[in-house]
Amino acid sequence: MSELLKVTTSRATFPTGFLWGGATASYQIEGAATADGRGRSIWDTFSHTPGRTVDGDTGDTAIDHYHRYRDDVALMSDLGLNAYRFSIAWPRIQPDGSGPAVQAGLDFYSRLVDELLGREIEPWVTLYHWDLPQALEDAGGWPNRDTAERFAEYAMLVHQALGDRVPNWTTLNEPFCASLIGYAAGSHAPGRTEPAAALRAVHHLLLGHGLATQAIRAANPATGVGITLNLYAVDPASDAPADIDAARRVDGLQNRIFLDPVLLGHYPSDVLEDVEHLGGLGEVRDGDLALIHTPLDFLGVNYYTRHVITAGDGLPAHLEAGAADSPAVLDDAGVVAAPGTDQPDARPEGFEEASPWVGSEHVRGVFRGLPRTAMDWEVDPDGLHEVLTRLRDEYPAIPLLITENGAAFTDQVSADGEVHDPDRVAYLDSHLRACHRAIEDGVPLRGYFVWSVFDNFEWACGYSRRFGIVHVDYDTQVRTPKDSAGFYSRVLRSGALPDLPDSVPDGLVQPKPDTLSHPKPGAVSG
Ligand code: FCB
């Protein structure tokens, strides 16, 4: 049998105790934007600013999870999830970002936690998934050191209320997006395009993470604490030295600028050099890195795609060919109308965003002709395996969790009332196989949270991109589990991936180009 036709014969079985979860985030699902004393967040301001989100969508109502959480938890229980990752809306707890907690805000999350525990679903709390109280942004936002202190105080208020029932806490979700997309690219809230400020935000987010971790540990040493990073496999588009350098720069800003301080205790020196002319990371005080390097109980990994990077001096021929009908630029930072397409985009004519890759604005991503999701992200499960084994090889051992992985496709409710999403099933299957392979290769992967349980507000893309394994009709709020929910449910109940049919060659489990719907490029976020 040839290598290519090697057939997987053994069942891909996951370890006992593996966590099978789903993930969401407060602003993307809760709605109830003014209920029970909730204050305004930067995402309320941003989404209500004309031209910032597709179709002017906001999270005002979202999927109304604030009022429907009981049914939503029941649905997760029906699917068989044994873990649920959700985030706390800081402005529900401290409307202006400081001062005493609003009891009604804490009570909502307390009820949610009890509901989950009652159904034997382990609650995994994320403290910050991007909804900074607007008052703190008005005072300078994350570029301001004080925001880190405020974050630690807020973390303690939540921990005091939920710490008795929530075993595992994630401080930040994707500080890359909260800093470099929010403050440099400008396509996420607060929508600033200030590279130097964005770099200060990087440091202060990590400082907030360190301060919160220490405070939680001091309150209860048994609490599990971690951070979630969005990590990418990064390759140069060619062997040209300029492309290799471009890939190094992107790897530095996407991966190492967060991994190194958190897991090794220092910032990567090459990245510091790349951004020195912007003032580096601002003021890094003695002791900051020790705080940021506080030992963690787990690292959360969000994985969606790989970046293939060029310095931009003309593309290698094979990449040009692959990107013939779309712009060769894989823009990772937000919503941009793709030139020459009919992508509906409610942004004003001429809307532009900056690069999140500060100090390396000349570099860009390219397409390789792989199948893409509705976000225009190439489907690359091998990249997930690569990220996981890199963590195993280059960083101290730490339990890992996939805290997000999933895909947006243009789902529709069929005449039979069901939502058939074979592309998402294939995406999940192939990425779970990559996880399984990583475990076999000795990666301490403890669980997987699909992004997302429900269709929801996809940031700058508004409701135009659906990531859920459960479809949501935004007019009626009716929830309909998609085929992918059934697939995921079967996998987690059996703890194993289905055998590949004998006729399917190993490695060809990802969707073929002709089975993928290909909406025109345009919307990218997170
Ligand atoms: C990640 C975000 C998450 C979601 C996915 C698609 O960057 O953490 O909220 O938007 O992307």
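In the predicted model, an N or O atom in the side chain of glutamate 174 is 2.5 Å from an oxygen atom of the ligand. Such a polar contact is a pair of N or O atoms within 3.5 Å; within protein, one atom must be able to donate a hydrogen and the other to accept it, and residues adjacent in sequence count only if both atoms are side-chain atoms. Taken alone, the ligand exposes 290 Å², and the protein buries 100% of that area (accessible areas come from the Shrake-Rupley method with a 1.4 Å probe; for residues, only the protein chains shown count as cover). Histidine 129 places a polar side-chain atom 2.8 Å from an oxygen atom of the ligand. For glutamate 404, an N or O atom of the side chain is 2.9 Å from an oxygen atom of the ligand.

The ligand is surrounded by twelve residues, of which Gln28, His129, Glu174, Glu458 and Trp459 are the closest; a residue is counted here if one of its heavy atoms lies within 4 Å of the molecule. By type, the shell around the ligand consists of five nonpolar, four polar and three charged residues. In this division Ala, Val, Leu, Ile, Met, Phe, Trp, Tyr, Cys and Pro count as nonpolar, Asp, Glu, Lys and Arg as charged, and the others, Gly among them, as polar.

Residues are numbered from 1 along each chain as its sequence is written. Because the model is predicted, local features need pLDDT of at least 70 and side-chain atom pairs count only at pLDDT 80 or more, whereas totals for chains, interfaces and linings use all residues; side-chain values use heavy atoms, with hydrogens and water left out.

The protein contains 16 helices and 15 strands, these being DSSP runs numbered from the N terminus (helices H or I, at least four residues; strands E, at least two). Of its 526 residues, 63% count as buried (buried means under 20% relative accessible area, exposed over 50%, partly exposed in between, with a 1.4 Å probe and protein chains only). The accessible surface of the protein comes to about 18400 Å², and 51% of it belongs to carbon and sulfur atoms. Among contacts with a separation of 6 or more, 79% are between residues 24 or more positions apart; contact means heavy atoms within 4.5 Å.

Across the whole structure, 38 salt bridges were found, each defined by a side-chain nitrogen of Lys or Arg within 4 Å of a carboxyl oxygen of Asp or Glu. Side chains of opposite charge can pair when their charged atoms come close. Aspartate 274 belongs to helix H11 (residues 269–274) and arginine 248 to helix H10 (residues 241–264), so the pair ties together parts that are 26 residues apart in sequence. Aspartate 274 is buried at 10% relative accessibility, while arginine 248 is partly exposed at 25%.

Arginine 306 and glutamate 386 also meet in a salt bridge (3.1 Å, N to O). The former lies in strand E9 (residues 306–310) and the latter in helix H14 (residues 381–394), so this pair ties together parts 80 residues apart in sequence. Arginine 306 is buried, with 6% relative accessibility, and glutamate 386 is partly exposed, with 35%. Salt bridges that share partners join Asp245, Arg248, Arg249, Asp251, Arg256, Asp270, Asp274, Arg390 and Glu394 into one network. In the salt bridge between glutamate 283 and arginine 285, the closest N and O atoms are 2.9 Å apart. Glutamate 283 is partly exposed at 49% relative accessibility, and arginine 285 is partly exposed at 40%.

Arginine 479 is located in strand E14 (residues 479–481) and is buried, with a relative accessible area of 15%. The side chain of arginine 479 reaches the backbone oxygen of isoleucine 63 at 2.7 Å and makes a polar contact of 3.0 Å with the side chain of glutamine 477. Leaving out residues up to four places away in sequence, arginine 479 touches Ile63, His65, Arg68, Asp72, Leu75, Phe454, Val470, His471 and Val472.

Histidine 204, in helix H9 (residues 195–219), is buried at 5% relative accessibility. Beyond its neighbours within four places in sequence, histidine 204 is in contact with Trp142, Pro143, Asn144, Arg145 and Ala148. The C-alpha atoms of histidine 204 and threonine 147 are 7.3 Å apart, although the two residues are separated by 57 residues in sequence.
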